[in-house]
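Colleague: I have just opened this one and would like a careful walk through it. Could you take my questions as they come?

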Amino acid sequence: MTSKVNIVSIEVLNKQNTKQLLARLKRLLQCCERFEDTDLVGYVDEPDYGQLDYIEYKSTKQWKQAYKDLKTILATREHVKK
């Protein structure tokens with residue numbers, strides 16, 4: 001089973017607190033590298049990533065943009081201890 005993360009705008013991310021952003025980062029990092037690495041290959045067709053409202057694989061441009069946006073915002077936030 002792959003992890004799915006909703007696609008949200010940078011404006012929405014800016015309104016979230018640091019703990020919420022860190023939780024999103026954790027979910028993004030739990031995504032599979034690529035569709036071909038899953039056990040879904042051969043059972044379902046590879047999704048059309050441009051049509052989805054969620055992120056599932058790190059190899060997609062949506063994941064890369066979400067990660068970049070998140071890291072940019074987190075760089076301006078306070079440090080949160082575990």
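Colleague: What caps the N-terminal end of H2?
Modeller: Asparagine 17 does, with a side-chain oxygen 3.1 Å from the backbone nitrogen of lysine 19. This is a predicted model, where local features need pLDDT of at least 70 and side-chain atom pairs count only at pLDDT 80 or more, while totals for chains, interfaces and linings use all residues. Residues are numbered from 1 along each chain as its sequence is written, and side-chain values use heavy atoms, leaving out hydrogens and water.

Colleague: And which residues of H2 are buried?
Modeller: Thr18, Leu21, Arg24, Leu25 and Leu28 are the buried ones, where buried means under 20% relative accessible area, exposed over 50% and partly exposed in between, with a 1.4 Å probe and protein chains only. Seen down the axis of H2, they fall within an arc of 120 degrees (taken from the directions from the axis to the C-beta atoms), so they line one face of the helix.

Colleague: What do they pack against?
Modeller: The buried residues of H2 pack against strand S1 (5-6), helix H1 (10-15), strand S2 (54-55) and helix H3 (61-74), contact meaning heavy atoms within 4.5 Å. On the face turned away from that buried side, H2 carries the exposed residues Lys19 and Lys26.

Colleague: Changing topic, how many disulfides are there?
Modeller: A search of the whole structure finds zero, counting a pair of cysteine sulfur atoms within 2.5 Å as a disulfide. For cysteine 31, the nearest cysteine sulfur is that of cysteine 32, 7.6 Å away.

Colleague: Is cysteine 31 buried or exposed?
Modeller: Cysteine 31 counts as buried, at 5% relative accessibility, whereas cysteine 32 counts as partly exposed, at 21%.

Key. Helices (H or I, at least four residues) and strands (E, at least two) are DSSP runs, numbered from the N terminus. A polar contact is a pair of N or O atoms within 3.5 Å; within protein, one must be able to donate a hydrogen and the other to accept it, and residues adjacent in sequence count only if both atoms are side-chain atoms.
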